Amino acid sequence: MAETTAPDTAADSTVDHGDLPEVPQAGTGPTGTAAPGASVSIEDVEEAMKDVVDPELGINVVDLGLVYGLHVDEDTNLVIDMTLTSAACPLTDVITDQTEQALEGLVNDVAINWVWMPPWGPDKITPDGREQLRALGFNV
């Protein structure tokens, strides 16, 4: 199975997908060419995911580094490997609802695979996310 990880994710942070359906890397076939019927790219999905905002911090989940991987099949079904800043986060349903709304019309179906390894840390925040947090008064 091909895996796609977020830009700042370490190479040793692979996630076991044994319980999920086989979904190749978004928009690519075995040779890296466009998959038959695929009409959405990883970039399209990632851009749409920037509309999903962490309710506590007010920063999108992509720039916070919460999205670990995006996997789209040839029927534009999406599996997202995503984590939260804490496993005890009570707002999972809010983020799930926002994700479904942000991707409506872009993909056929969305499944979020909540992952906890590697654990999220401030090192996963993108430069844009750091700038947004600094604007809110955080020292990152």
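Val140 is partly exposed, with a relative accessible area of 29%, where buried means under 20% relative accessible area, exposed over 50%, and partly exposed in between, as computed with a 1.4 Å probe on protein chains only. This residue belongs to the segment that follows helix 3 (127–135), helices (H or I, at least four residues) and strands (E, at least two) being DSSP runs numbered from the N terminus. The C-alpha atoms of Val140 and Arg130, which are ten residues apart along the chain, are separated by 6.1 Å. When residues up to four places away in sequence are not counted, Val140 touches Arg130, Leu133 and Arg134, a contact meaning heavy atoms within 4.5 Å.

The structure is a predicted model, in which local features need a pLDDT of at least 70 and side-chain atom pairs count only at pLDDT 80 or more, whereas totals for chains, interfaces and linings use all residues. Residues are numbered from 1 along each chain as its sequence is written, and side-chain values use heavy atoms, with hydrogens and water left out. The average pLDDT of the protein chain, that is, the predictor's confidence in each residue on a scale from 0 to 100, is 82, and 73% of the residues score at least 70. Over residues 1–13 the pLDDT is below 50, and this stretch has 28 contacts in the model beyond near neighbours in sequence. The pLDDT is also below 50 over residues 26–38, a stretch for which 18 contacts are found beyond near neighbours in sequence.

The protein chain contains three helices and three strands, which follow the pattern α-β-β-α-β-α when read along the sequence. Of the 140 residues in the protein chain, 44% are buried. Among contacts between residues at least 6 apart in sequence, 63% join residues at least 24 apart.

In helix 1 (residues 42–49), the buried residues are Ile42, Val45, Ala48 and Met49. Seen down the axis of helix 1, these buried residues fall within an arc of 130 degrees, so they line one face of the helix, the arc being that of the directions from the helix axis to the C-beta atoms. An α-helix has 3.6 residues a turn, so residues three or four places apart point the same way. The buried residues of helix 1 pack against strand 1 (67–72), strand 2 (77–82) and helix 2 (92–103).

Leaving aside its neighbours within four places in sequence, Met49 is in contact with Asn60, Val61, Val62, Val67, Ile80, Met82, Thr99 and Leu103.

Asn60 is located in the loop between helix 1 and strand 1 and is buried, with a relative accessible area of 7%. The side chain of Asn60 reaches the backbone nitrogen of Val62 at 3.0 Å. Not counting residues up to four places away in sequence, Asn60 touches Met49, Lys50, Val52, Val53 and Gln132.

A search of the whole structure finds two salt bridges, each requiring a side-chain nitrogen of Lys or Arg within 4 Å of a carboxyl oxygen of Asp or Glu. In one, Lys50 pairs with Glu47, the closest N and O atoms being 3.9 Å apart; Lys50 is partly exposed, at 28% relative accessibility. In the other, Asp123 pairs with Lys124, the closest N and O atoms being 3.8 Å apart. Asp123 is exposed, with a relative accessible area of 54%, whereas Lys124 is buried, with a relative accessible area of 9%.

Backbone geometry was also examined. The peptide bond from Met117 to Pro118 is cis, with omega near -5 degrees, and Pro118 is placed in the loop between strand 3 and helix 3. Thr76, in the loop between strand 1 and strand 2, has a phi near 55 degrees, a positive value in a residue other than glycine. At 7% relative accessibility, Thr76 counts as buried.

Note on methods
A polar contact is a pair of N or O atoms within 3.5 Å; within protein, one must be able to donate a hydrogen and the other to accept it, and residues adjacent in sequence count only if both atoms are side-chain atoms.
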